Amino acid sequence: MSVPSLSLTVETAEGTTRLRLAGVLDYDTSDAFGAGATACVDADPAPAELRLDCAGLRLCDSMGLAALLMIHRRTVARGITLLLDDPPPSMERMLRITGTRHLFAPGIEGARSPDELGETTD
């Protein structure tokens, strides 16, 4: 049985760092993702914006979501805007079900928090 892999590619330009993810973001790869994203956040100078390009992701499981939330906490602490670009439908669904989509799309219509939508998680 082969181990799913994750490819990370970093691109920087004028205050924005783009981290392109391809493959699987899961239990086996979330540590590598966390390390790569943390390196982007801790860069000197720090970017004003970190964009995670998820177009190449085939899967994101609960460990992948946990890693995303950890990176969200780090970017907030550093004053960096974190955005998810082109999440696959399964990832988009997971973010909406868990009420976390708004954390990765500040100011984007349709990515509001459950409280803003008048929904409950009960």
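Is R78 buried, exposed or partly exposed? In this predicted model, R78 is partly exposed, at a relative accessible area of 41%.

**View 1. R78 pairs with D42 in a salt bridge.** The N to O distance is 3.2 Å. D42 sits in the loop between α1 (30–41) and β3 (49–60), while R78 belongs to helix α2 (residues 62–78).

**View 2. R18 meets D85 in a salt bridge.** Their closest N and O atoms lie 3.0 Å apart. R18 is in strand β2 (residues 16–25) and D85 is in strand β4 (residues 81–85), so this bridge ties together parts 67 residues apart in sequence. How accessible are the two partners? R18 is partly exposed, with a relative accessible area of 23%. D85 has 13% relative accessibility and counts as buried, because the cut-off for buried is under 20%.

**View 3. D85 also forms a salt bridge with R51.** Here the closest N and O atoms are 2.8 Å apart. R51 lies in strand β3 and D85 in strand β4. The pair spans 34 residues of sequence and links distant parts of the chain.

**View 4. Salt bridges join four residues in a network.** Its members are R18, E49, R51 and D85. D85 bridges to R18 and to R51. The structure as a whole holds eight salt bridges.

Technical notes
Residues numbered from 1 in each chain as written. Predicted model: local features only at pLDDT ≥ 70, side-chain atom pairs only at ≥ 80, totals over all residues. Heavy atoms only, no water. Salt bridge = Lys/Arg side-chain N within 4 Å of Asp/Glu carboxyl O. Helix = DSSP H or I, 4+ residues; strand = E, 2+ residues; numbered from the N terminus. Buried < 20%, exposed > 50% of the residue type's maximum accessible area, 1.4 Å probe, protein only.
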